[in-house]
Amino acid sequence: MKKLVFFILIFGFLFSTVNLFADETIDAVSGEADKLEEEKKIEEVESEEEEESELQKRKDTLAFGLESEITDLISKLLKEEDKSLSDDILAIFNSTKNVNVREKAIEYFTKIEDTCLKDYALLILEDPYDEKTSSVNLLFKYVTALKITEAAPLIQELLDSENEEYYDAAISALGTVGGPEEALFLADFLDRDLTTARKQNLMKALGQIKAVETWDKLVEVIQNEDENTYVRMYAAEAIGAMEKEESIEILLDLFEDDDPNIRTYAIKGLSYFNNEDVENLVIQGLKDNYYKVRLEAIEVVKKYEYKTAVPSLLYRAKNDSEATVKYACFEALALLDTKEGNEYLISLVKDKKKSDTIRSKAAASMLKYENADSVKAVVEVALSVVEDTKKTALRYALGKEMAKYENSQFIEVCEAFLDSKDVSTQGIGLDIWKKNHYITLKDKVKEMAEAEKPSANKSKAKLILETE
């Protein structure tokens, strides 16, 4: 009996001890679970903060950022040619007292050719003397880029005041926005005692404004071999820009000059005319010893699409000593769209023995002019190097070129780039999608935007979708 009582007591003690331990364990586990739940909530909050709109982050930077942060962002928007935040930038421009921010905003609106600063620009040009010279010069560029003709009389008044601070920028601007009255005004400057640099600037402006009243004087300048070479050069281009038929013979004769710079500008002047004599001279220009003459001749070939130049272009593309001339020939051949020209460019892109630079330059020319067979060839090559680690540079170059254009043929490349394990390749894939918005690939972009880990491509994908 005593033994039974003893065992009952021992069992009771053990049972209570176990219960106490179990309760403590449950409490501990429960506490750990609560802690984990709390940490999860914190992570979710942090994640929500990270998931804040990329577009909103940019808006916040513009509204609350430091001067350097704002100017850096505007520079980035300029590079991206992004107009989505133009209203925000205008609001900052109207409120800030920081000159650097205001000047960066002027650069931005000049680049995207937005007329929102037109009234401001005219107001400042009417009385610019309390403004920084750098700001005024940016406004000259602004009215020039947007061809704001209302600025012409204001610029003329500034030149009349003989204020040295604005002379060069004002002359250049007037050449673009001025009319017949301003042409006569500029003609009077030919009789002034100007520095060589200012004479050059004046010649350019007279050509831009087509001041035909000055034609006789410019011809005298051209034919005066004692005059500064650069002044004669710009005068030659100017009489061509005036489009007087009498200029043709003068410029044809000028091409015989020993100075290669004069020959270059003789062709620039002739580029305003299109006849058999000009075409023949341009073909000769493709053989000139001076590479800039050859480059200028190629530009005229492109302008008037001289298919008679194809044999010369093919020769120069294969044999020219200057890479810039070769690349210019690639573009001219792509533009002219002949069988022999296209076959040559396609062969370059497909030739694995050629350098990546040559192949990408040829591809860039073909993509620019969208010949169907040529584009197909570039797509094939791009797909062939998606996973080739030895051809990373070529892959990047081809992808970046494709990202410049809307073309349904790029969809397969875009998908392959988005699926790549290489971060930079993925980013280029996003650029191609941003330009083309292929519906069937939108989910891939969403998947990148919703990735768990923060990354540059995640932010980029989110921003693209937000501004779609």
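A salt bridge is a side-chain nitrogen of Lys or Arg within 4 Å of a carboxyl oxygen of Asp or Glu. By the rule, the count comes to 27 salt bridges.

The structure is a predicted model, in which local features need pLDDT of at least 70 and side-chain atom pairs count only at pLDDT 80 or more, while totals for chains, interfaces and linings use all residues. Residues are numbered from 1 along each chain as its sequence is written, and side-chain values use heavy atoms, with hydrogens and water left out.

Glu 246 has a relative accessible area of 45%, so Glu 246 is partly exposed. Lys 244, at 26%, is also partly exposed.

A second salt bridge joins the side chains of Arg 232 and Asp 257 at 3.5 Å, N to O. This pair links distant parts of the chain, 25 residues apart: Arg 232 lies in helix α13 (residues 229–241), and Asp 257 in the loop between α14 (246–254) and α15 (260–270). Helices (H or I, at least four residues) and strands (E, at least two) are DSSP runs, numbered from the N terminus. Both Arg 232 and Asp 257 are buried.

Lys 368 and Glu 331 meet in a further salt bridge, at 2.8 Å, N to O. Lys 368 is in helix α21 (residues 356–369) and Glu 331 in helix α19 (residues 323–336), 37 residues apart. Lys 368 counts as partly exposed because its relative accessibility is 39%, whereas Glu 331, at 19%, counts as buried. Salt bridges that share partners join Glu 331 and Lys 368 with Glu 299 and Lys 302 into one network.

Technical notes: Buried means under 20% relative accessible area, exposed over 50%, partly exposed in between (1.4 Å probe, protein chains only).
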